Amino acid sequence: MRSICLLLLIFPSLLFAQEFIPNYDESKVPDYQLPDPLAFENGEKVNSLADWEKKRVETLRYFETEVYGISPAWDGEMKTEIISEKQNAVGGKAIRKEVKLSLIRQGKQVDIYVLIYLPKSSSRSPVFLGLNFYGNHTLSEHQAIRVTDAWIRNNETYGSSDNRASEKGRGKRRENWAVEEAINRGYGIATLYYGELDPDFDDGFENGVHALYQEERNENSWGAVAAWAWGLSRVMDYLETLREVDGEKVAVLGHSRLGKAALWAGAIDTRFAMVISNNSGCGGAALSRRRYGETVGRINRVFPHWFAGKFDHYNENEDALPVDQHQLIALMAPRPVYIASGVDDRWADPKGEFLSGLYSNPVYQLFGKTGMPVNEQPDVDQPVMGDIGYHVRSGGHGMLPYDMHQYFNFADKHWKVHP
Ligand code: GCU
């Protein structure tokens, strides 16, 4: 007993972590009122696209200061080096490269490695860019693809218990990324290991790209989700330089915590022409005020390094948030955005994810678009595709070939790609 008390004294978060009981009962979702995405703080209405530009700045600012933290502008230098290249990858249909991007600033350097598959094509290809959870080698059987030496989460399937990736993981996530289908349909895939941008533990923001900036941290400073999103923009900087890539058609996608990062990347960097959230949940597509499944308090206590310190102010106090996640989706307008859920992934609140899309509609409508094309959450495995796409897939948390298949369909619809 004494040792338990001592533990709780040292790690009070354990107390909360143990006590948290998620609500999975729709009838217990509290009454809540969402901020109007088309009303300024002083109550005035947004009536025109010029008004929206101002409101967009106000909204973005709130997400920066209250939720994700303010990311620094990039003023460093990027060096690139191709570390492996194969002309006849994916059954001869694709070019595969792994490229080292060195981000250099004020004498500091962070290296990230991007794995790229591009269809062999005479025209520039649209690309899906996303972070991966366990290293580039998990997408490929080929020894040429490097095993990351960055910290990884302990996981028997993908690595070892000492936070290192290993050969064990090689090729294990290949299906999830549907590389072959992408290539067959004329799309490229670009991915990198998220831990190279910022290792996913509470290290006082000393590692990863945070280390490039020696700023005094305050409660609005950028957290890990923002660092991952910032890294996606650096890869975008690189993709834009490739003559095989159509820089106007780069979709940013991500699963779960990396879906949160993809959404934030899409919000701050409008070069991403399409944004895809796969099971991103709390702090991603799900409405915080619903308090269904994971909540703001719970996420901040268990992952204190993910968000701005200021986000803690809204633990068990969601109604005080000046924004909710439907406004994050609205920041993508008029660009196409896809939100996907898994029906058994109640922790991520599939309905709350759908509603975020739906409640962003007024902003899409201002652009003469429809946004989410239906008013009710569709049945399981019945994707809908308007300017906003949505599906709730059967099964739980994960990014599956089924999900990727829908994203390619969505991109076909918006980008009319026919190889
Ligand atoms: C945890 C976390 C989620 C997150 C997920 C993931 O479940 O609570 O917010 O999305 O991890 O990234 O897999």
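1. Arg346 lies over the face of Tyr24, at 4.0 Å from the ring centre, and the charged end of Arg146 is placed over the ring of Tyr113, 3.5 Å from its centre. A charge sits over a ring here if NZ of Lys or CZ of Arg is within 6 Å of the ring centre and within 35 degrees of the ring normal. This is a predicted model, in which local features need pLDDT of at least 70 and side-chain atom pairs count only at pLDDT 80 or more, while totals for chains, interfaces and linings use all residues. Residues are numbered from 1 along each chain as its sequence is written, and side-chain values use heavy atoms, with hydrogens and water left out.

2. The ligand is surrounded by Phe133, Ser256, Arg257, Lys260, Glu294, Ile299, Phe303, Trp306, Trp347 and His397, a residue being near a molecule if one of its heavy atoms lies within 4 Å of it. An oxygen atom of the ligand is 2.5 Å from a polar side-chain atom of Glu294, and for Trp347 the corresponding distance to an oxygen atom of the ligand is 2.9 Å. Taken alone the ligand exposes 320 Å², of which the protein buries 83% (accessible areas by the Shrake-Rupley method with a 1.4 Å probe).

3. Arg393 lies in strand β10 (residues 388-393), where strands (E, at least two residues) and helices (H or I, at least four) are DSSP runs numbered from the N terminus. At 2% relative accessibility Arg393 counts as buried, since buried means under 20% relative accessible area, exposed over 50% and partly exposed in between (1.4 Å probe, protein chains only). A polar atom of the Arg393 side chain lies 2.7 Å from the backbone oxygen of Gly398, and the side chain of Arg393 also makes a polar contact with that of Asp403 (2.9 Å); a polar contact is a pair of N or O atoms within 3.5 Å, and within protein one must be able to donate a hydrogen and the other to accept it, with residues adjacent in sequence counting only if both atoms are side-chain atoms.

4. Asp403 is among the buried residues of α14, which also include Met404, Tyr407, Phe408 and Trp415. Lys416, whose phi is positive, near 50 degrees, follows α14.

5. A search of the whole structure finds 26 aromatic pairs, counted when rings of Phe, Tyr and Trp (its six-membered ring) have centres within 6.5 Å, with planes under 30 degrees apart stacked, over 60 edge-to-face and the rest tilted. The rings of Trp151 and Phe201 have centres 4.9 Å apart and planes at 45 degrees, so this pair is tilted.
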